[in-house]
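User: I would like to learn how to read a few features of a protein model, one at a time. Where do we begin?

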Amino acid sequence: MDFYLQLGWGMMGHCENLLKGWEGGTVILSPRDLEPEQLINFAGKIKKLKGQVLLDPQVYLPRATHLRLQSHNYWDKEYSTISFWSGTGLNQQLMRLLELNRQLSCDAFILPGLYTRTVNIDWLEYQRATIESAQSLQDNQFDLIATVALSVDVIKNPDQIHDLIESVKNWSVNTIYLICEPPTGQYLVNDPAWLANVLDLIAGLRLSEKKVILGYCSHQMLIAACTCANAIASGTWLNVRSFTTSKFHAQESDDESRRTTWYYCPQALSEFKLPSLDLAAQRGMLMNLKPIPALENNEAKILFSGSQPSSTGFRESESFRHYLQALRTQALASSRSSFDESVEYQRNLLDSAEQILQKLQSVSIRDKARDFEQVIDTNRAALSYIEDYRGVILRRNWSRLA
């Protein structure tokens with residue numbers, strides 16, 4: 001399973017740093033976070049670093065009020081449902097997006113897709129019209145990617161998930177850019193039915209010959225490798241690790257007022273504030289939080305140099321880059337040679353994380369907000385579900401899909 005960078009506020013420097021080290025990679029650009037000129041200039045930098053570029057048009061809410069989003073020329077500030085879909089609005093937007101994708105030298109064309117609270121005839125018709133209109137554009141040399149942005153209500157409804165899978169089979173695109181809203185804005189989702197249905201949807205799409213890019217992900221979605229997701233995308237701030245519609249409305253502070261430096265312990269699947277690392281050092285347990293050799297990177301080494309972690313100068317920038325470095329390594333390692341090996345890999349990851357967290361919690365070291373212990377059983381339940389309901393067919397088709 002590949003790993004993409006989901007661009008968010010203040011991420012340009014991080015992307016450049018990471019792509020240099022990786023000698024390439026894919027960045028999903030965000031018009032919400034870049035001015036029109038910045039978008040073009042930054043895409044050029046990505047290309048020079050041997051990177052690939054995709055543009056998320058972010059037309060999830062056509063009446064969104066975020067000023068940077070509205071500053072791009074494809075955005076329809078006078079959006080009206082009737083005139084847009086019955087008149088020339090859709091075609092004009094797609095022509096402008098096509099030209100922007102050319103200017104950015106994108107590697108595929110992510111089509112706009114409306115966020116929906118229900119998979120109904122109207123929404124499916126909007127999806128069909130968007131795909132067909134894009135295919136009719138003159139001189140479109142891009143492969144098309146359809147955006148599917150789903151509310152938590154859709155994801156919690158198995159009937160709608162299955163209706164969607166059946167409809168997507170007939171869409172004349174090869175790839176789906178899948179966006180899944182979590183329950184009540186959760187970062188780590190503790191609802192096993194939600195997670196099981198996301199996996200079921202990915203499996204259904206993959207078995208229908210569609211590639212799947214799962215956007216706005218945290219490390220919890222490493223589990224998507226068990227359903228042959230082609231890539232997950234993540235970024236720095238929580239609003240690019242978990243999808244929320246509020247970020248596309250009036251200007252936000254982009255988390256600046258809530259800044260806390262976190263350290264991601266990849267083998268514990270959990271994040272810790274620096275005071276918790278100080279306590280772990282005092283209790284002689286800091287090395288339990290050091291990344292295992294396969295997940296080490298230069299960004300976090302300073303925390304385990306022998307000094308008190310909070311006095312080492314480990315900053316927000318190192319925190320973000322360490323998280324993305326580690327998550328990329330974990331994503332690439334999560335796809336195994338068979339369905340059963342992929343499931344076993346995830347179970348072992350959960351078991352290992354649980355053992356580490358229980359040891360830390362025995363001496364009261366935990367940061368509840370990002371402690372993976374609260375969702376370990378959620379992921380276990382989702383794994384069991386996908387084994388029971390998709391295991392046979394995934395085993396049979398794994399070599400074709402992986």
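This is a predicted model: local features need pLDDT of at least 70, side-chain atom pairs count only at pLDDT 80 or more; totals for chains, interfaces and linings use all residues.

User: How many disulfides does the structure hold?

Analyst: A disulfide is a covalent bond between the sulfur atoms of two cysteines. This structure holds zero disulfides. Cys180 is in none, and its nearest cysteine sulfur, in Cys217, is 8.0 Å away. For Cys228, the closest cysteine sulfur belongs to Cys226 at 9.1 Å, which is too far for a bond. Cys228 is buried, with a relative accessibility of 6%.

User: Next, helices. Which residues of helix α8 are buried?

Analyst: In general, an α-helix has 3.6 residues a turn, so residues three or four places apart point the same way. Helix α8 spans residues 158-168, and its buried residues are Gln160, Ile161, Leu164, Ile165, Ser167 and Val168. Looking down the axis of α8, these buried residues fall within an arc of 165 degrees, so they line one face of the helix.

User: What is found at the start of α8?

Analyst: There, a side-chain oxygen of Asn157 comes to within 3.0 Å of the backbone nitrogen of Asp159.

User: Now charges. How many salt bridges does a search of the whole structure find?

Analyst: Side chains of opposite charge can pair when their charged atoms come close. The search finds 21 salt bridges. One of them joins Asp340 and Arg395, with the closest N and O atoms 3.0 Å apart. Asp340 lies in helix α12 (residues 339-361) and Arg395 in helix α13, so this pair ties together parts that are 55 residues apart in sequence. Both ends are partly exposed: Asp340 has a relative accessibility of 38%, and Arg395 has a relative accessible area of 39%.

User: Which residue meets Asp351 in a salt bridge?

Analyst: The partner of Asp351 is Arg380, at 2.8 Å from N to O. Asp351 is in α12 and Arg380 in α13, so the pair ties together parts 29 residues apart in sequence. Asp351 is partly exposed at 32%, and Arg380 is partly exposed at 21%.

User: What about Arg366 and Glu373?

Analyst: Arg366 forms a salt bridge with Glu373, and their closest N and O atoms are 3.7 Å apart. Arg366 is partly exposed, with a relative accessible area of 34%, as is Glu373 with 32%. Elsewhere, salt bridges with shared partners join Asp351, Glu354, Asp377 and Arg380 into one network.

User: Last, a loop residue. Is Leu222 buried or exposed?

Analyst: Leu222 sits in the loop between β8 (211-214) and β9 (231-234). Leu222 counts as buried, at 1% relative accessibility. Setting aside neighbours within four places in sequence, Leu222 is in contact with Met1, Ile232, Leu269, Leu327, Gln330, Ala331, Ser334, Gln346 and Leu349.

Notes:
Residues are numbered from 1 along each chain as its sequence is written. Side-chain values use heavy atoms; hydrogens and water are left out. Buried means under 20% relative accessible area, exposed over 50%, partly exposed in between (1.4 Å probe, protein chains only). Helices (H or I, at least four residues) and strands (E, at least two) are DSSP runs, numbered from the N terminus. The arc is that of the directions from the helix axis to the C-beta atoms. A polar contact is a pair of N or O atoms within 3.5 Å; within protein, one must be able to donate a hydrogen and the other to accept it, and residues adjacent in sequence count only if both atoms are side-chain atoms. A disulfide is a pair of cysteine sulfur atoms within 2.5 Å. A salt bridge is a side-chain nitrogen of Lys or Arg within 4 Å of a carboxyl oxygen of Asp or Glu. Contact means heavy atoms within 4.5 Å.
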